Amino acid sequence: MKVLSVLTATADTFDPRNVDLTTANVRDVICALTLADSGNEYNGHLGARVSSIFVILIVSSAATIFPVLAKWFPRLKLPLYVYLFARYFGAGVIVATAFIHLLDPAYDEIGPSTCVGMTGGWAVYSWCPAIVLTSVMIIFLMDFAAEWYVEAKYGIGNPHPDLEEAITRAGGGGGGSQAERISSHHQRQRGGNDDTEDEEGLPPSCTGRGDDSPVRTKSAFEKRFIEDAVNVDGLDVEAAAVQTAFRQQIAGFLILEFGIIFHSVIIGMNLGVSGDEFSTLYPVLVFHQSFEGLGIGARMSSIPFDSRSWLPWILCALYGLTTPVSIAIGLGLRTTYNPNSFTANVVSGVFDAVSAGILIYSGLVELLARDFIFNPVRTRDGKRIVFMLVSVFLGAGIMSLLGHWA
């Protein structure tokens, strides 16, 4: 029996135009029927594709480095609202990327109605949401373990009494004694003065600065990570906790960039071998990578790196180079790489699902919840809060719109 169809995932061993259903591999038949637009659709325009390597490299790198430069060089006098826009617009971009640019493609690649999802072991369970859930829970466990380690090792954590103890009065506010230890330690470091408040209306113990410490000039940046104002040389317990908290932030950021980079690799290779949609995909990916880069850079700028550290610049370069290098690889394999093959769908689908879980947790918990809901130094300025929220929704909205094309 002959089945008229198109290219298949294994074109070198399976001819969809001449199929014997008594001996054919079921997976090959299903993939030939479902992947109606499969195959390598490369249609030339080599010059434009080569130019995309350099355009995306320059634009995405500039967007990523901009927030970091603004923090490291205060003479640029970046207005507060420009920084806030970059930071919270980027947070919205990351959340939208998780759902629109990662979760949806993952379902298209390994979901129940795909070639992969209807064959073999992939058909016995809905693996796409399972992979996303596993990714979310692993990231949560890593984040919680790091927080617990800091509290257990340095005795610095939630200063409020345990909720169960507060309700049952079984323990008399054990958490309160921890708060007293922290308060008395700060008081000893400041020479007993515990009443002075800084310009934000917070006592020095909340900012990690003693009276004998050099006062940091009020910058244009939101005081999200207050530990970079700590006089590390003059404190012992707090200094150790700050270093550990810094490592936590780096770990969380690396996980976030890891998820975005995998996505960038896939879309870069696809751009290198795309067909008629290249003319639309090219400008869309320029904005796509720039917005993601802005989110990464704004997030990185809030981490208190040492001013002599090369790590932020290396991380910026790593993101900026990922997509251009992937486009170059796609061009090198333009005659052989099939982005719609069974294997390519499995690989990209699994990576997209893992990355979606990472970005869902990072975007909702690390970026939005911690900045807006659980941030002890969140601004009380209503105008600024509204601007931050509008920036978040604008970033999510524009990135969602771009999902129509890429």
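Tutor: The UniProt record, an unreviewed entry, annotates residues 50-69, 81-102, 122-146, 250-269, 310-333, 353-373 and 385-405 as "transmembrane region". The coordinates themselves belong to a predicted model, and two of the annotated stretches may be compared with them directly. Residues 81-102 are 100% helix and 0% strand, with 30 Å between the end C-alpha atoms. For residues 310-333 the corresponding values are 92% helix and 0% strand, and the end C-alpha atoms lie 34 Å apart.

The pair in question consists of helix 3, residues 80-110, and helix 11, residues 342-373. Their axes come within 8 Å of each other and cross at roughly 150 degrees. Since an angle over 145 degrees counts as roughly antiparallel, helix 3 is therefore roughly antiparallel to helix 11. The crossing of helix 3 with helix 11 is left-handed. As to composition, the residues of this contact comprise 21 nonpolar, 6 polar and 5 charged.

Ser60 belongs to helix 2, which spans residues 46-72, and position 60 falls within the annotated stretch 50-69. The relative accessible area of Ser60 is 2%; the cut-off for a buried residue is under 20%, so Ser60 is classed as buried. The side chain of Ser60 reaches the backbone oxygen of Ile56 at a distance of 2.4 Å.

Definitions and conventions: Residues are numbered from 1 along each chain as its sequence is written. This is a predicted model: local features need pLDDT of at least 70, side-chain atom pairs count only at pLDDT 80 or more; totals for chains, interfaces and linings use all residues. Side-chain values use heavy atoms; hydrogens and water are left out. Axes are lines fitted to C-alpha atoms, for helices over the stretch in contact, and angles run from 0 to 180 degrees between N-to-C directions. Helices (H or I, at least four residues) and strands (E, at least two) are DSSP runs, numbered from the N terminus. Angles under 35 degrees count as roughly parallel, over 145 as roughly antiparallel, 65 to 115 as roughly perpendicular and the rest as oblique. A crossing is left-handed if the near helix is turned anticlockwise from the far one by less than a right angle, and right-handed if clockwise. Ala, Val, Leu, Ile, Met, Phe, Trp, Tyr, Cys and Pro count as nonpolar, Asp, Glu, Lys and Arg as charged, and the others, Gly among them, as polar. UniProt positions are given in the numbering used here, feature names are shortened, and annotations may be inferred rather than shown by experiment. Buried means under 20% relative accessible area, exposed over 50%, partly exposed in between (1.4 Å probe, protein chains only). A polar contact is a pair of N or O atoms within 3.5 Å; within protein, one must be able to donate a hydrogen and the other to accept it, and residues adjacent in sequence count only if both atoms are side-chain atoms.
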